[in-house]
Amino acid sequence: MNKQNKSHRVLGIMSGTSLDGLDFCLSDFYFQNNQWNFTIIEATTFNYSKQWETKLKEAENLSGEKLIQLHFEYGKYIGDKAREFIDQFQLKTDLIASHGHTIFHQIDKGFTFQLGHGASIAAASTLTTVSDFRSLDVALGGQGAPLVPFGEKALFPNHSIFMNFGGICNITFVEGDKISAFDICPFNMVLNFICQKEFNTYFDKGGKISQSGKLNSELLKKLNALNYYHQKPPKSLGKEWVYKEVIPLLNESNVSPTDQLFTFSQHIADQIHKAISSTKKEVLITGGGAKNQFILDLLQAKKIKLQVPEEKIIDFKEALIFGFLGLKRFLNETNTLKSVTGSSKDNSGGTIFLS
C-alpha cells in the first residue's frame, strides 16, 4: 500500500470481552480538508461456534505451550474468516488491523495479552496485518487501554463525549486537543454472565428480563463501594477484576437472578452518571448495550442526554476504529496517547506482518 495514497482501504477486526463474535468492518479512510474521514464499505459479525466460545473462555487456564498453540490457531481462524469475508463480498483490501481477543489484562503485573497471532492472520489472509496494539503502551508504563479515544476524536469531530456499552463500559472526553478516557464499569460482560448462567439465553434482549426484577439496595451498595470506582484515571478494567471483585458479590448475595440483573443495571447507570455528572453535553453511545432499552431508560431518568447513531456505528465502531489505528501504525504515525493511557509518551502501537 502506497503511503501517499489519498484513500486507504482497511479491514478492522474486533473480538470483544462479551464473546459475541468477530466484528469485521471494511472501510475507506481518506484525509480531506485537514480531517480524516471514513466510509464503511461492508460490515458483519461472525458468531463464534460453541467450540470456539469454549476455547476462548478457557484460554486463561491453559499451559504456556497450549496457549501459544491456540494463539497461532486463532490467528489462522481470523485470517481464514478475513479471506472468506473478502471473497464473499468480492472486495479489495489494502490492510488488516486485528485487535485480537483479550485473555489477560493485568497492568499491575506489567502485561496484557490479546490472542490471535498476526503472522498467522497475514499468512491465512495473504494480506499485510497489524496486530498486538496494546503491548508497547504497557511497556512504556501505560494502561494499554483505552485505545479507541484516539480514533473517536479523529473520526467523529462533531462529538465531544463518547461511551461504548460493550463488555466493559468506557468513556472518552474530548476538549480541544485534550483527550481523557477510562473504563467506567463492567457492562455486558456481567449481564451476559447472569443470563447465560441462569436463563439459558446469551443476553437480555432490550433489557426485558432486567426490567422485570427489583432493586436490591444492599447488593447495589456493595457494588458501588468497590475500590476501583474511587480511583482516578487513567484506569482500565479486565475480566480478571470482574471475576475477582464482581462475580463473587453476585454469587454470595442470595439475590434472585432477575433482581441481580435489575440491580446491576442500576449499578451501571449509577457509575455512568457519576462519570459524567459534571457535564450536560450530549453523549454518543455505541456497542451492544446501546440496544438495552432498560438501561437507556435508567440513564434518561438521570437526565443524561444520549445520542444513538445509525446501527452500523453502534455495532461496528470499535472494529472501524481499530482499522484506523492499524492504518496509523502502518503509516508510522501516532495512534496511542499518553494523556489517555498514562504511558511515558505518545506512541504508535502494533506489530506489522507483511504478506
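## A helix across the sheet

In this predicted model, in which local features need pLDDT of at least 70, side-chain atom pairs count only at pLDDT 80 or more, and totals for chains, interfaces and linings use all residues, helix α12 (residues 311-330) lies across strands β8 (161-165), β9 (168-175) and β11, where contact means heavy atoms within 4.5 Å. Residues are numbered from 1 along each chain as its sequence is written, and side-chain values use heavy atoms, with hydrogens and water left out.

Helix α12 runs at about 80 degrees to β11; the axes are lines fitted to C-alpha atoms, for helices over the stretch in contact, and angles run from 0 to 180 degrees between N-to-C directions. Helices (H or I, at least four residues) and strands (E, at least two) are DSSP runs, numbered from the N terminus.

## The five-stranded sheet

The open sheet has five strands in the order β10-β9-β8-β11-β12, and its pairing is mixed. Because β10 (178-186) and β12 (306-307) stand at the edges with a single partner strand each, one side of each is left without a neighbour in the sheet. Two strands pair if DSSP finds at least two bridges between them, and strand β11 (residues 283-286) pairs with β12 in the parallel sense over two bridges. Val 283 has Leu 306 in β12 as its bridge partner.

## A hairpin

Strand β2 (residues 22-32) and strand β3 (residues 35-46) are paired in the antiparallel sense over eleven bridges, and Asp 28 has Thr 39 in β3 as its bridge partner. The two strands, β2 and β3, form a hairpin with two residues between them, and in the turn Asn 33 has a positive phi of about 55 degrees.

## An enclosed helix

Helix α10 (residues 257-276) has 20 residues, which at 1.5 Å a residue should span 28 Å, and its end C-alpha atoms are 29 Å apart, which agrees; the expected span is 1.5 Å times one less than the number of residues. Because 15 of the 20 residues of α10 are buried, this helix is largely enclosed by the rest of the structure; buried means under 20% relative accessible area, with a 1.4 Å probe and protein chains only.

## The whole chain

The chain contains 13 helices and 13 strands, and buried residues make up 56% of its 355 residues. Its radius of gyration is 20 Å, which agrees with the value near 20 Å for a compact globule with 355 residues; this radius is taken over C-alpha atoms, and the globule rule is 2.2 Å times the number of residues to the power 0.38.

Terms used
Buried < 20%, exposed > 50% of the residue type's maximum accessible area, 1.4 Å probe, protein only.
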